[in-house]
Amino acid sequence: MQDKKITDLLESFQAIGRTKNQGYTRTVYDQAWCQAQKQCVNIIKELGLVPWVDEIGNLYATADLTWPKEPVILVGSHLDTVVDGGLYDGLYGALAAVLSVSQVTKSEQRLRQPLVAVIFSEEEGSRFDATFTGSQYLLERDLKGFDALDDVQGQTFGQVRQAAVAALSPFVQTASCLKITQYLELHIEQGPILENTGINIGIVTTIVGQERFLIQLVGQANHAGTTPMDCRDDACQQAVSLLADLYRELAQIPDLRYTIGKVQLEPNVANVIPGLVTFSLDLRHQDQSVLSEAVGVVAKLVDQYRAKLERTTAVMPTQMDMGLQGEIAEACQSVGLTHQFLSSGAGHDAQVMGEQVPTAMIFVPSVGGVSHVPDEKTTPADLENGQRVLTAVLAKLVG
Ligand SMILES: [Zn+2]
């Protein structure tokens, strides 16, 4: 496996979690996720590295048989996907991290510091109402906030987490705490900027802040035929009105990105008046004060409708480390690739890591600027370019 390329590694995941729309669904701890994680373990071993797992299911790869006690440079991304997502989001950066760590480790140079690749268990929040659980756990070592969460089938995070980690434990060692000095993440851009400018590599300057909520309206479920229109307490009708107010008011805030992507009715039956509506709201902005203003607008409206507001994600806008940005720019030059600086509108594990350790992100172009859909694509040349830059940066940092 000495000469494996990143494209070969990605190809070995083409049948795992494939959907009828030719996309991929790999939500945390589900069957496809477990299968993909097992495949990552195989790759780690074939590349001559040693796999480790922690109790949330983050998978690690290092060169030594003993878990590093001294401070390490961490590099990685996440294994999970959105429902019907693409092949590259997360998985590309995770596999590239493993490949780059193996390449730098096998090179002639003596490493000044251990390198560890991480494949985070979860980042997307597509199964439970929590995001970035893998990287949050790595930094905080606390499962209490997650284990009681339910998925739509009523399974708890704790149950499925323990089963998934137990299934892997015969094949890998168990990790203890890591001391991390720097974190690097390679990722597809998921937007159109690099494709439009024709530049090879993006160096991320900031990642937008993100707040995610569940909003719940309670009415009274009742018979669709026998309940007169003026005697109804229809949760759907209330929700439609609140949604219209939210769209109108949030549109007044410049550059705010707001999305209502999930709406659930209960009992969700054609001949029953809905008694309960729950919908999600995702807010993003580069400036925390603007984000806070938007949250204030939402809270006020939700209060007017006597609805329930539950915050499920809150991540501050995060500055990437200037020194590491410079190292990436130099690495691009050293391998003959063009680069530009840009901000990220998508959330990433780098955002969580960046709150505690110097962090940087490398982007490669996304064909058509699309992501989180089956059509997500990055050309083989761009995939390899990104991985080469990652290897060059890591080699410099530990050389
Ligand atoms: Zn991602």
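Colleague: How do α3 and α12 cross, and how far apart are their axes?
Modeller: The axes of α3 and helix α12 (residues 380–398) come within 9 Å and cross at roughly 45°. Axes here are lines fitted to C-alpha atoms, for helices over the stretch in contact, with angles from 0 to 180 degrees between N-to-C directions. That makes α3 oblique to α12, since under 35 degrees counts as roughly parallel, over 145 as roughly antiparallel, 65 to 115 as roughly perpendicular and the rest as oblique.

Colleague: What should I know about the model and numbering?
Modeller: It is a predicted model: local features need pLDDT of at least 70, side-chain atom pairs count only at pLDDT 80 or more, and totals for chains, interfaces and linings use all residues. Residues are numbered from 1 along each chain as its sequence is written. Helices (H or I, at least four residues) and strands (E, at least two) are DSSP runs, numbered from the N terminus.

Colleague: Which residues in α3 meet α12?
Modeller: Among them are Tyr92, Ala96 and Leu99 in α3. On the α12 side, the list includes Leu383, Gly386 and Leu390. Contact means C-beta atoms, placed from the backbone, within 7 Å.

Colleague: Which residues touch the most others in the largest nonpolar core?
Modeller: Val75, Leu95 and Val98, out of 80 residues in that core. Helix α3 (residues 91–106) gives the largest share, ten residues. A nonpolar core is a set of buried Ala, Val, Leu, Ile, Met, Phe, Trp, Tyr and Cys residues joined through C-beta atoms within 7 Å. Buried means 20 or more other C-beta atoms within 10 Å of a residue's own, exposed means 12 or fewer, and partly exposed is in between; these C-beta atoms are placed from the backbone.

Colleague: What does leucine 95 touch?
Modeller: Ile6, Leu9, Leu10 and Ile43, leaving out residues up to four places away in sequence. There is also a second, separate core of 14 residues, including Ile215 and Val277.

Colleague: New topic. Where is glutamine 22, and what is its phi?
Modeller: Glutamine 22 sits in the loop between α1 (6–11) and α2 (31–46). Its phi is near 65°, positive in a residue other than glycine.

Colleague: Is glutamine 22 buried or exposed?
Modeller: Glutamine 22 is exposed, because 11 other C-beta atoms lie within 10 Å.

Colleague: And glutamine 190, buried or exposed?
Modeller: Glutamine 190 is buried, with 20 other C-beta atoms within 10 Å. Its phi is also positive, about 70°.

Terms used
Two residues are in contact if their C-beta atoms, placed from the backbone, lie within 7 Å.
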